[in-house]
Amino acid sequence: MPTSLINPDPIPLGSDFRVGRLGFGCWRLVGGSQYHYRELLETALGLGMNLVDTADVYGLDWGGTSFGEAEDNLGRVLAEAPGLRDRMVLATKGGITPPTPYNSGSPAITAACEASLGRLGVDVIDLYQIHRPDLFTHPAELAEALVALRDQGKIREVGVSNFTPRQHEALAAHLPFPIASSQPEYSAACLGALRDGTLDLCMRDGVVPLAWSPLAGGRLADGTEVRPELVAALDRLAEHHATSRSALAIAFVLAHPSRPVALLGTQNPQRLADAAQAAAISLDRADVYSIIEASEGVPLP
Ligand SMILES: NC(=O)c1ccc[n+]([C@@H]2O[C@H](COP(=O)([O-])OP(=O)(O)OC[C@H]3O[C@@H](n4cnc5c(N)ncnc54)[C@H](OP(=O)(O)O)[C@@H]3O)[C@@H](O)[C@H]2O)c1
């Protein structure tokens, strides 16, 4: 009996946390009702998806109308049901500053973090991530701001998102504590992190990868704007493993030995439950390499 590439056990994150293999993403937690948001959070936590990932900038799309709206919506759920806070590892991000694209200067990151605390209505953010690299902030300045926020008890762990491995290392070199997470886009349709060093760095340094858009924003679920060969490969494997195409695509993300957490974006409780099957799927090397070949449209050498 072949051994699965997927280990379903929770993963240590930073010094104090353990997170499930699937996390709940709040990019699309806008344009709905408070009742629905609470139902989603309770469903996700009940399924073991205890990493809850949001960002200050979420709210400007998917029916939202303002910067901060997704954090506000999550904060209102936490105010209504405070017990949920203790069941989650609360992650947010700062550093995207429309209309200026990015600002990770010390005053901007400090103010962004404090504003997130206010919108979320919490004393501390468990994982504070820099959303995208600001090419015009020296990593020593950013590190100093993050150390101060941590020393003040406002954040517990630090993560990066959309950083190149070199940008990640440059920030890490100025921090007196390890970077806990790295958040790249990663899915069967977006394989860059496999070979650009992002996942290798995670394995070298014990950093938890948080894979954003594990269904390529829904394109892998509905089969649009992705290679038909990839959809066919996922469908063939889904049938073989008696599961859905979406669960199979999420299983592909979970199979990498860096043990990524797949950040789910669905706002549908039933689809969260379907995705939860992914960690129990038994994928082997033949399965994952067939997905890569179908995604890239060429055989591996
Ligand atoms: N760091 C970054 O720069 C960055 C960028 C993007 C996202 N993220 C993070 O990653 C999270 C997930 O991103 P994402 O929303 O693009 O993730 P995703 O899981 O790849 O896509 C979710 C989308 O797929 C749709 N979908 C259609 N059929 C589905 C099915 N059968 N099962 C599940 N979903 C289906 C969902 O619609 P329904 O809601 O109708 O199910 C939803 O619109 C975000 O919430 C955020 O936390 C981070």
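Author: A crossing of two helices is right-handed if the near helix is turned clockwise from the far one by less than a right angle, and left-handed if it is turned anticlockwise. The model discussed here is predicted, and H10 passes H13 in a right-handed crossing.

Reader: Which residues of H10 and H13 make the contact?

Author: On the H10 side they are Glu229, Leu230, Ala233, Leu234, Arg236 and Leu237, and on the H13 side Asp287, Ser290, Ile291, Ala294 and Ser295. Sorted by class, the contact of H10 with H13 holds six nonpolar, two polar and three charged residues.

Reader: Why are H10 and H13 called roughly antiparallel to each other?

Author: The axes of H10 (residues 228–240) and H13 (residues 285–296) cross at roughly 160 degrees and come within 7 Å. Angles over 145 degrees count as roughly antiparallel. H10 and H13 are therefore roughly antiparallel to each other.

Reader: What makes H1 roughly perpendicular to H2?

Author: Helix H1 (residues 34–46) packs against helix H2 (residues 69–80) at an angle of about 75 degrees, with the axes 10 Å apart. The range for roughly perpendicular runs from 65 to 115 degrees, so H1 is roughly perpendicular to H2. In this pair, Gln34, Tyr37, Arg38 and Leu41 of H1 meet Asn73, Leu74, Arg76, Val77 and Glu80 of H2. The contact of H1 with H2 has four nonpolar, two polar and three charged residues.

Reader: How many residues surround the ligand, and which are the closest?

Author: The ligand is surrounded by 28 residues, and the closest are Arg28, Asp53, Ser213, Thr266 and Arg271.

Reader: What is noted about phi of Trp62, and about the peptide bond from Pro98 to Pro99?

Author: Most residues other than glycine have a negative phi, and most peptide bonds are trans. Trp62, in the loop between strand S4 (51–53) and H2, has a positive phi near 60 degrees. The peptide bond from Pro98 to Pro99 is cis, with omega near 10 degrees. Pro99 belongs to the loop between strand S6 (96–97) and strand S7 (100–102).

Conventions: Residues numbered from 1 in each chain as written. Predicted model: local features only at pLDDT ≥ 70, side-chain atom pairs only at ≥ 80, totals over all residues. Heavy atoms only, no water. Axes fitted to C-alpha atoms, helices over the stretch in contact; angles between N-to-C directions. Helix = DSSP H or I, 4+ residues; strand = E, 2+ residues; numbered from the N terminus. Parallel < 35°, antiparallel > 145°, perpendicular 65-115°, else oblique. Contact = heavy atoms within 4.5 Å. Nonpolar A, V, L, I, M, F, W, Y, C, P; charged D, E, K, R; others polar. Near = heavy atom within 4 Å.
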